[in-house]
Amino acid sequence: MPYPVDLLPDPLPPLNSPEYVELSRKIARHTGAAAKAPRTFSEVLRRRAENRYRSMISRIFRELDLAIRQAPTAEAVQQAISAFLVSPRFDSMCRQAASQMVTMLAVGQKASWREAAAASSQGRRIYKALQQELRSTSIGPAIQSAVTENANLIKTVPRTLAKKFTALAEKRRFEGVRPEDITKEIKASAPRLTNTEARRIARTESAKASTALIKARSESLGLDFYTWLSVGDERVRSSHRKMNGILCRWSDSPNPEALFPGEDSHNSGGCYDPGCIYNCRCRARPVLDPEDIDFPVKVHVSGSIESIPSLKAFRQRFGLPEEKGD
Ligand SMILES: [Zn+2]
């Protein structure tokens, strides 16, 4: 049972403060398994980033809707969109929304990495390495590129809207609809279209950015394996439900639709990591140490799923060094 988001304090207590630890314990008790606490907690943080992102994008688009509403004709609507597109205010709002979302994710992720380290058998050793890593800025480039990518993506919306309106106006003119009625229809459809876009971008892109940050940090720590985790509700794609719990590697991303052909296989997105396809809420939990894996385990290896019975077999299969003393 997921922890009710409304019960969480806002803002969350500072990381590793007594209140923070107590909250983690409370979530663990609520979900019935302490091991699930890190997962639940970081999912909550990601959703919080998504919601904030959606409301910031919606605010940008409300200004666009307003400019459209004030335009007297269909041509004026197009001009209003063009003017909005090149305004410095639009540019800075896009960057602001994107950077706030990515920052929230980056902060939230420090929490889940610490929790992952605490839950690991190698916790103390990894925690020391992590402390150093979290202080350094080695994932700075990943943060920057996620911000730029997202700001650019928001910027594509007005242009797409303009194209849609051009097509709609042409169609209606052809059908003999009066110009003033065409303008009315265009104005009425704008808020609905922008709302849908805000929701889609916030959901898809926050999951994607979240994975990009986890991947960047995993790479900087030399961690290649992660566990694919799906949210586990009925909205999850059937192929992603089957991916739940499967071990994957960043260096060998799976193709879920090809691995588990079903009703969604026509929608193949090729090879990708959790969260990196539209409307996907799955996430990657990095494997900090092979000792933390529950055997037998299913592992994705270049296009097929292998079952590996033991830690020894796992080390042999992937050429990992034997256990070394600390
Ligand atoms: Zn998914």
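**Before selecting anything**

This is a predicted model, in which local features need pLDDT of at least 70 and side-chain atom pairs count only at pLDDT 80 or more, while totals for chains, interfaces and linings use all residues. Residues are numbered from 1 along each chain as its sequence is written.

**The whole chain**

With a cartoon view on, the secondary structure comes to ten helices and five strands; helices (H or I, at least four residues) and strands (E, at least two) are DSSP runs, numbered from the N terminus. Of the 326 residues in the protein, 32% are buried. Here a residue is called buried if 20 or more other C-beta atoms lie within 10 Å of its own, exposed if 12 or fewer, and partly exposed in between, with C-beta atoms placed from the backbone. Among contacts between residues at least 6 apart in sequence, 69% join residues at least 24 apart, where two residues are in contact if their C-beta atoms, placed from the backbone, lie within 7 Å.

**Select 74–86: helix α3**

Helix α3 has 13 residues and reaches 19 Å from its first C-alpha to its last, close to the 18 Å expected at 1.5 Å a residue; the expected span is 1.5 Å times one less than the number of residues. Colour Ala 74, Val 77, Ile 81 and Phe 84, which are the buried residues of α3. Seen down the axis of α3, these buried residues fall within an arc of 75°, so they line one face of the helix, the arc being that of the directions from the helix axis to the C-beta atoms. An α-helix has 3.6 residues a turn, so residues three or four places apart point the same way. On the face of α3 turned away from its buried side, look for the exposed residues Glu 75 and Val 86.

Helix α6 has 35 residues and reaches 52 Å from its first C-alpha to its last, close to the 51 Å expected at 1.5 Å a residue. Its buried residues include Ala 142, Val 147, Asn 150, Ile 154, Leu 161, Phe 165 and Ala 169.

With both helices shown, at what angle do α3 and α6 pack? They pack at about 170°, with their axes 10 Å apart; axes are lines fitted to C-alpha atoms, for helices over the stretch in contact, and angles run from 0 to 180 degrees between N-to-C directions. That makes α3 roughly antiparallel to α6, a term used for angles over 145 degrees. To see the contact, show Ala 74, Val 77, Gln 78, Ile 81, Phe 84 and Leu 85 of α3 together with Pro 158, Arg 159, Leu 161, Ala 162, Phe 165 and Ala 169 of α6. The residues of this contact divide into ten nonpolar, one polar and one charged, where Ala, Val, Leu, Ile, Met, Phe, Trp, Tyr, Cys and Pro count as nonpolar, Asp, Glu, Lys and Arg as charged, and the others, Gly among them, as polar.

Ile 60 has its place in helix α2 (residues 37–70) and is buried, with 22 other C-beta atoms within 10 Å. Not counting residues up to four places away in sequence, Ile 60 touches Met 93, Cys 94, Ala 97 and Ile 154. Ser 189 belongs to helix α7 (residues 179–221) and is partly exposed, with 15 other C-beta atoms within 10 Å.

**Move to the loops**

Just after α6, Gly 176 takes a positive phi of about 85°. Val 177 sits in the loop between α6 and α7, and, leaving aside its neighbours within four places in sequence, Val 177 is in contact with Arg 172 and Ile 182.

Next select Asn 279, in the loop between α9 (256–259) and β3, where phi is near 60°, a positive value in a residue other than glycine. Asn 279 is exposed, with 12 other C-beta atoms within 10 Å.

Where is Pro 296 found? Pro 296 is in the loop between β3 (283–286) and β4 (297–301), and a cis peptide bond, with omega about 0°, joins Phe 295 to Pro 296.

The last stop is Ser 302, in the loop between β4 and β5 (304–308). Phi of Ser 302 is near 30°, again a positive value in a residue other than glycine, and Ser 302 counts as exposed, with 9 C-beta neighbours inside 10 Å.

Conventions: Parallel < 35°, antiparallel > 145°, perpendicular 65-115°, else oblique.
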